[in-house]
Protein chains: 2
Amino acid sequence: MPIDSPYAELARRHARLFRLRHASAMLAWDRATMMPPGGLGARAAAEAELQLQALALRTDPAVGELLDGAAGEALGDWEAANLREMRRDWIDANAVPATVIERRALATADCELGWRRQRPQNDWQGYLPAFREVVAVSRDEARHLGDALGCGPYDALLQRYEPGIDSARVAELFDHLCEWLPALISRARARAGDLPPIGEVAISDQRRLARSLAGLLGFDFDHGRLDESAHPFTGGVPGDVRITTRFSEDALLQGINSTIHETGHARYVAGLPEAWREQPVGAARSFGVHESQSLGLEMQLARTPDFCARLAPLLVDAAGPRAAFEPASLYASMTRVQPGLIRVHADEPSYPMHVIARFRIERALIEGDIEAGDVPAMWDEQMVRLLDVDTRGNHRDGCLQDIHWSKGAFGYFPSYTLGAIYAAQLFAAMRAEVGDLGSRLRHGTLEPVFGWLQHHVWSQGCRFETDDLLRRATGSGLDTGPYRAHLLARYGNDADVPAGRDGQARGDGAAVEPGCNPAAGAGSSDRS
Amino acid sequence: MPIDSPYAELARRHARLFRLRHASAMLAWDRATMMPPGGLGARAAAEAELQLQALALRTDPAVGELLDGAAGEALGDWEAANLREMRRDWIDANAVPATVIERRALATADCELGWRRQRPQNDWQGYLPAFREVVAVSRDEARHLGDALGCGPYDALLQRYEPGIDSARVAELFDHLCEWLPALISRARARAGDLPPIGEVAISDQRRLARSLAGLLGFDFDHGRLDESAHPFTGGVPGDVRITTRFSEDALLQGINSTIHETGHARYVAGLPEAWREQPVGAARSFGVHESQSLGLEMQLARTPDFCARLAPLLVDAAGPRAAFEPASLYASMTRVQPGLIRVHADEPSYPMHVIARFRIERALIEGDIEAGDVPAMWDEQMVRLLDVDTRGNHRDGCLQDIHWSKGAFGYFPSYTLGAIYAAQLFAAMRAEVGDLGSRLRHGTLEPVFGWLQHHVWSQGCRFETDDLLRRATGSGLDTGPYRAHLLARYGNDADVPAGRDGQARGDGAAVEPGCNPAAGAGSSDRS
């Protein structure tokens with residue numbers, strides 16, 4: 001297209017936006033990893049200013065005209081997809097009035113501060129007033145966004161994290177999981193026996209190990225860094241990916257798992273289409289697809305007997321021989337099912353239950369079916385029903401455990417479990433093409449694994465909507481079948497667990513069977 | 001003043017500008033300390049975008065109208081000084097056409113890249129074409145800036161680093177130094193005897209030592225960091241100062257000196273007036289005043305027998321007892337005069353000679369008295385004349401040693417020596433008030449030293465022009481007398497060196513004698 005076409009001008013503006021976001025990403029990374037405590041005040045102001053500058057670019061009325069103009073241009077498929085994402089951004093940027101954005105910023109800053117103080121005190125009543133304000137402004141925000149998108153308020157928030165999926169579908173998927181997963185968890189928990197203790201490992205040794213592990217999984221230290229922060233995350237930009245992990249002497253596996261997890265995110269970011277790096281179409285598809293890449297490495301690739309066999313000698317090198325480092329013990333430790341109160345420490349099959357509880361609560365909260373003050377009761381009720389754990393009176397390890405809601409991040413939680421479902425689906429399709437991953441882990445290179453992900457996911461950016469991305473990669477749209485098969489193979493057996501409506505349970509490594517979405521109801525029965 | 005007054009609106013805009021510069025400062029720090037090599041491309045684009053955003057704020061035509069409006073407001077003295085600095089910024093931002101700025105950015109990026117490749121090869125001819133373009137565009141820039149400021153082109157560039165001083169005055173000061181300093185250097189060099197070798201010290205030990213030293217000098221690690229980079233610098237913002245140093249196993253004193261030096265810069269930044277942090281008047285006064293604070297700690301405070309006595313046990317703790325760590329040996333090592341080719345490794349009295357050579361060359365270059373291709377010959381001529389060293393054919397350690405000119409930073413070099421002069425003047429006045437620093441170093445706290453600097457320099461920001469700042473702090477405007485007295489006391493004696501025109505040489509710690517600026521000519525005789 002001509003250099004002065006509306007599309008070309010939009011692309012130039014988005015390149016500028018990307019560069020501002022680069023700055024924001026690095027400041028946020030620095031804040032979490034490097035910044036001295038006294039730097040916070042000035043940093044908050046600087047980060048807010050960058051957001052203002054970005055918002056000014058995104059809401060410039062000229063963009064609306066350019067989008068209309070570009071709609072008439074003859075565009076290639078990448079350009080057309082880019083234009084679709086530009087329009088999505090334009091709607092999102094303009095939907096919410098500045099007064100609401102400002103009120104939201106104040107409310108969430110206040111609530112986050114309160115959360116940091118009141119959570120350790122288990123002080124729900126102290127926390128509640130600030131949280132009420134966050135809920136009120138988030139409902140307002142969601143209503144505006146829903147008006148712009150033509151959907152309900154919670155669905156509108158979901159679009160920010162998982163464009164193209166609505167809450168009815170999420171509820172259906174999640175209700176389906178609830179039909180068979182609690183039973184699987186309870187049987188697996190009953191089977192969990194004693195294991196040799198891992199013991200303590202010096203943090204300096206864990207640091208070296210983490211670097212080896214990230215390297216083994218293809219993390220490119222010429223285009224990224226691995227550091228430490230209170231909460232592991234992946235930040236930075238495609239050519240300079242910043243991942244963090246955290247180490248504790250008595251929690252070796254936690255550091256290992258979070259390193260693998262963040263390396264999965266990092267490889268996705270690094271593998272995004274280079275030619276489109278500064279454009280919306282060059283970004284990650286969604287939070288759920290992002291999570292599918294971290295969980296793909298963590299759960300599909302690494303949490304396997306063969307990876308444990310590969311890991312064991314690294315552990316012995318780092319900390320000397322221990323019974324717990326025997327591959328079989330290591331695998332047993334990594335797959336031990338023991339439901340608890342805390343999401344971030346949950347075992348693989350329990351994790352979705354934590355997510356489902358949060359999804360049901362936040363959906364009810366945003367839709368106005370419950371009020372802020374009702375959250376603890378609904379939390380207690382969901383946790384006992386889904387995980388058989390008692391959270392009554394324990395707000396600190398109950399509904400106050402996560403920071404998400406204090407920051408107004410409603411609609412985020414489902415992405416964790418959608419990611420787990422996508423990961424199972426993608427890896428099942430990959431195995432069908434590249435063969436057994438176990439033998440690759442034992443004898444060969446992992447390059448075909450990464451090559452498949454690069455080809456089907458990383459290099460595609462936002463070219464396709466998620467369902468289409470999945471269909472092109474796996475032959476099927478979103479499908480819980482492979483996820484169920486994966487969990488059954490790893491944690492259960494056919495006799496243990498009643499078959500879901502997608503038919504017979506399948507073993508790990510089974511080919512994908514398309515179109516087996518559950519037909520469960522809209523899940524309203526679970527939303528009380 | 002009313003919240004919607006022109007001045008108030010200007011202050012709001014400058015706060016936004018400060019926040020953008022916060023982002024730029026942190027990205028630059030990250031680039032030098034943390035960024036993986038592959039991050040450079042994306043980083044350059046992000047940093048350029050932030051500069052564009054800042055320039056757009058600075059050149060918005062509304063600012064000109066606001067400045068005119070604010071001129072009629074009744075302002076307090078800080079506000080009036082702030083308005084003066086705002087106008088200075090407005091003139092600087094608007095003086096140079098966008099086409100020149102763009103051409104400059106391209107030329108300097110190209111030349112800097114060339115410098116990195118060609119300097120190690122000693123390849124002046126390879127470097128020259130890109131340098132010619134930098135000189136051409138810098139002359140253009142200087143002419144535009146001079147037109148806006150009503151001064152000559154080189155004087156205009158000087159204003160960016162040392163507002164309020166012109167090149168005739170700099171030449172006069174420097175010519176004055178040339179009357180007595182070369183003789184002092186040559187005598188001191190002749191006296192320099194053998195010293196016990198310092199030997200190697202492990203980098204991990206040097207790191208710990210550097211943190212202790214910075215802490216001893218009042219660096220606040222709650223509001224700053226100390227890291228490592230190829231070239232030490234001070235970055236960040238007042239509440240979050242980022243200093244760097246560099247360590248080499250066989251260059252212990254280099255790491256110590258650069259840590260002390262950057263801590264001096266850091267204390268100035270951290271001590272800038274908190275109420276004016278986001279405003280122009282809250283910034284450092286000039287590059288020279290900045291350098292006076294680093295050289296104040298490095299040369300005036302630390303390079304003394306009493307500081308060496310304080311340092312010695314720290315060195316023994318870090319690396320075990322060595323003959324070179326005896327206070328007297330340490331002081332002798334630190335004050336050893338041995339002129340060489342490289343500015344950044346120069347001893348204290350030789351350093352100004354390196355600066356004077358560069359000042360003469362860059363002034364001639366910008367004024368059109370010489371061409372880019374003439375630089376090596378003038379370099380050789382100056383270096384033999386000023387320092388009696390032979391640089392012929394050695395471009396790498398000659399005119400290619402510094403990066404400044406490749407980046408188009410003409411007018412910067414004089415600040416180094418102006419800073420040394422200011423430092424001597426300020427510390428002489430301080431000693432007259434707080435008493436002998438030696439006994440403070442031996443027995444007491446350094447707080448009165450820092451308190452004096454805080455009161456007279458740090459907390460003043462840009463409230464006064466430099467000469468006025470000096471006069472209020474020392475009773476005299478810019479004055480080379482104390483600098484001469486300082487160097488004579490440390491490196492020479494009256495019999496060694498002919499008296500300058502400011503009268504009799506004075507010993508270290510002498511009271512300041514105001515008004516003794518040299519009356520030497522305009523220095524044109526040295527500009528061939």
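This is a predicted model: local features need pLDDT of at least 70, side-chain atom pairs count only at pLDDT 80 or more; totals for chains, interfaces and linings use all residues.
The contact between the chains draws 30 residues from chain A and 30 residues from chain B. On the side of chain A that touches chain B, at least two residues each are supplied by α1 (6-33), α2 (40-59) and β1 (224-228) of chain A. Sorted by class, this side of chain A comprises 14 nonpolar, eight polar and eight charged residues.

Within chain B, strand β2 (residues 234-237) directs Thr234(B) and Gly236(B) one way and Gly235(B) and Val237(B) the other way, and all of these residues are buried. The strand pairs in the antiparallel sense with strand β3 (residues 240-245) of chain B over four bridges, and a hairpin of two residues joins β2(B) to β3(B). In this pairing, Thr234(B) has Ile243(B) of β3(B) as its bridge partner.

Helix α9 (residues 203-216) of chain B contains 14 residues and spans 20 Å from its first C-alpha to its last, which is close to the 20 Å expected at 1.5 Å a residue. Gln206(B), Leu209(B), Ala210(B), Leu213(B) and Ala214(B) of this helix are buried. Because the buried residues of α9(B) fall within an arc of 135° when seen down the helix axis, they line one face of the helix. After α9(B) comes Gly218(B), whose phi is positive, near 90°.

Key:
Residues are numbered from 1 along each chain as its sequence is written. Chains are lettered from A and ligands numbered from 1 in the order in which they are written. Two residues are in contact if their C-beta atoms, placed from the backbone, lie within 7 Å. Ala, Val, Leu, Ile, Met, Phe, Trp, Tyr, Cys and Pro count as nonpolar, Asp, Glu, Lys and Arg as charged, and the others, Gly among them, as polar. A residue is buried if 20 or more other C-beta atoms lie within 10 Å of its own, exposed if 12 or fewer, and partly exposed in between; C-beta atoms are placed from the backbone. Two strands pair if DSSP finds at least two bridges between them. The expected span of a helix is 1.5 Å times one less than its number of residues. The arc is that of the directions from the helix axis to the C-beta atoms.
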